[in-house]
Amino acid sequence: MNTHYTPVAKSLHWLMALMIFGLLALGFYMSDLPLSPDKLQLYSWHKWAGVTVFVLVWLRLAWRITHRPPPMSAGMYGAVKLAAIAGHWMLYVFMVIIPLTGWLMSSAKGFQTVWFGVLPIPDLIGKDKALGRSLAELHSALNVGFLLLIVVHALAAFMHHFVHKDDTLRRMLPRSSKP
Amino acid sequence: MNFLNKTFALAITTLALYAHAAPYQAIVPAKSSVTFSYKQMGVAIDGRFKKFAAQVNFDPAKAEAGKASFDVELASVDAGSSEADDEVVTKSWFNAAAFPKASFVAKQFKQTAPNQYEVTGSLSIKGQTRDVKFPMKHTAQGKDGVLTGSFTLKRGDFNIGEGMWAKFDVVANDIQVNFSLTAQSSK
């Protein structure tokens with residue numbers, strides 16, 4: 001039985017983890033900055049990275065659905081197992097709707113997103129200042145929720161590894177490593 | 001009946017001739033717009049000015065004799081977002097407190113084709129004056145007429161965006177200005 005995630009799943013997980021850390025940090029930092037060219041540049045970078053995550057999460061979901069992950073540790077049953085399953089799907093939900101709200105709020109605020117300054121992403125909604133503000137609040141609230149869930153996710157992984165001493169974390173690490 | 005028709009047709013023609021003969025002497029602000037667009041990190045952003053005034057004496061049939069001057073109230077800017085509106089009136093951009101108006105004075109109207117003109121004039125913003133030249137189109141709308149055109153200015157020529165904004169990598173140098181003015185013959 002396979003005891004590891006596929007290399008593709010691992011790469012997507014860690015690449016997206018890095019990007020999401022960067023996006024979260026940048027997002028919270030840049031929104032309080034006074035207006036400057038640097039701020040506008042950071043916003044553009046944040047949007048480009050966000051669109052990239054939005055593309056990657058669909059690839060990842062497609063991969064996840066077509067490639068069965070390794071089984072959970074035998075110690076997982078009942079409510080804990082359900083919580084683990086629900087938690088992971090919630091992470092996917094956040095990864096889809098957070099970039100989506102970012103994209104929509106950009107459009108509502110009247111700033112089209114142009115991926116890497118080259119590829120314009122269509123505006124799904126027209127300019128609407130009030131809607132833009134609501135979407136911005138939603139985007140930020142969702143990110144607080146996402147951040148909390150990521151903390152829970154990481155704590156759970158450490159708990160499996162260091163407390164229960166099972167293979168849960170190892171399934172997502174490179175095969176050669178023996179931590 | 002035939003007589004009536006003819007009279008009616010004659011009346012219309014007379015009216016049309018009369019309307020055409022009168023040069024435009026004012027613009028209708030409610031039916032006119034001054035907009036602009038620029039690029040920020042490669043993203044096109046639209047803005048407009050809500051307040052402007054013009055002094056016009058322009059006869060499409062005698063363009064060469066035309067006269068026009070145009071003032072835009074810079075503080076009436078809508079630069080795409082409230083944050084940008086607050087920013088763009090400050091010292092580094094328009095410095096609207098010291099230079100409240102942008103003005104354009106036409107020096108020459110040259111007809112290039114029916115209802116097409118080439119306009120030359122000087123544009124003054126923030127104490128800087130530059131010559132501009134652009135095509136203008138005229139469309140008759142009953143007694144009124146709509147004058148449309150656009151030109152591109154370099155914000156650097158007018159010190160719009162100084163200091164940290166002086167580089168063009170985030171906010172591009174080219175600003176396209178578009179106007180659509182409804183002109184009427186009575187003041």
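Chain B of this predicted model holds two helices and 11 strands. Along the sequence, these elements follow the pattern α-β-β-β-β-β-β-α-β-β-β-β-β. Chain B has 187 residues, and 25% of them are buried. Among its contacts between residues at least 6 apart in sequence, 55% link residues at least 24 apart.

**How the strands of chain B pair**

- β4(B) and β5(B) run antiparallel and are joined by six bridges. Within this pair, Phe52(B) stands opposite Val72(B) of β5(B).
- β5(B) also runs antiparallel to β7(B), with five bridges between them. Here Phe70(B) faces Phe104(B) of β7(B), and Glu73(B) stands opposite Lys101(B) of β7(B).
- β7(B) in turn is joined to β8(B) by nine bridges, and these two strands are antiparallel as well. Phe109(B) has Val119(B) in β8(B) as its bridge partner.
- The hairpin of β7(B) and β8(B) has two residues between its strands, and Asn115(B) there takes a positive phi near 65 degrees.

**The two faces of β5(B)**

- In a regular strand, side chains alternate between the two faces of the sheet.
- Which residues of β5(B) point to the buried face? They are Ala68(B), Phe70(B) and Val72(B).

**The nonpolar cores**

- The largest nonpolar core has 37 residues, and the members that touch the most others are Ala54(B), Val56(B), Val72(B) and Ala183(B).
- At least two residues of this core come from each of β2, β4 (52–57), β5 (67–73), α2, β7 (101–113), β8 (116–125) and β11 (171–184) of chain B.
- Which element gives the most to this core? That is β11(B), with six residues.
- A second, separate core has seven residues, among them Ile20(A), Leu23(A), Val57(A) and Met95(A).
- Back in chain B, Val72(B) is in contact with Val34(B), Phe49(B), Phe52(B), Lys101(B) and Ala102(B), leaving aside its neighbours within four places in sequence.

**A loop residue to look at: Ala75(B)**

- Ala75(B) sits in the loop between β5 and β6 (77–78) of chain B.
- Ala75(B) counts as partly exposed because it has 16 C-beta neighbours inside 10 Å, while a buried residue needs 20 or more and an exposed one has 12 or fewer.
- Not counting residues up to four places away in sequence, Ala75(B) touches Val89(B), Ala96(B) and Pro100(B).
- Asp85(B) is 10 residues from Ala75(B) along the chain, and their C-alpha atoms are separated by 8.4 Å.

**Two helices of chain A**

- The buried residues of α2(A) include Leu40(A), Tyr43(A), Val51(A), Val57(A) and Arg60(A).
- The buried residues of α2(A) pack against α1 (7–30), α3 (78–108) and β1 (114–115) of chain A, together with β2 (33–40) of chain B.
- α3(A) has 31 residues and reaches 44 Å from its first C-alpha to its last, close to the 45 Å expected.
- Among the buried residues of α3(A) are Met95(A), Ile98(A), Trp103(A), Leu104(A) and Ala108(A).
- What do the buried residues of α3(A) pack against? Their partners are α2 and α4 (129–163) of chain A.
- After α3(A) comes Gly110(A), with a positive phi near 90 degrees.

**Where the two chains meet**

- In all, 14 residues of chain B are in contact with 12 residues of chain A.
- β3 (43–49) and α2 (82–88) of chain B are the elements that give two or more residues to the side of chain B that touches chain A.
- β3(B) gives the most to that side, with three residues.
- The residues on that side of chain B are seven nonpolar, four polar and three charged.

Technical notes
Residues are numbered from 1 along each chain as its sequence is written. Chains are lettered from A and ligands numbered from 1 in the order in which they are written. This is a predicted model: local features need pLDDT of at least 70, side-chain atom pairs count only at pLDDT 80 or more; totals for chains, interfaces and linings use all residues. Two residues are in contact if their C-beta atoms, placed from the backbone, lie within 7 Å. Helices (H or I, at least four residues) and strands (E, at least two) are DSSP runs, numbered from the N terminus. Ala, Val, Leu, Ile, Met, Phe, Trp, Tyr, Cys and Pro count as nonpolar, Asp, Glu, Lys and Arg as charged, and the others, Gly among them, as polar. The expected span of a helix is 1.5 Å times one less than its number of residues. A nonpolar core is a set of buried Ala, Val, Leu, Ile, Met, Phe, Trp, Tyr and Cys residues joined through C-beta atoms within 7 Å. Two strands pair if DSSP finds at least two bridges between them.
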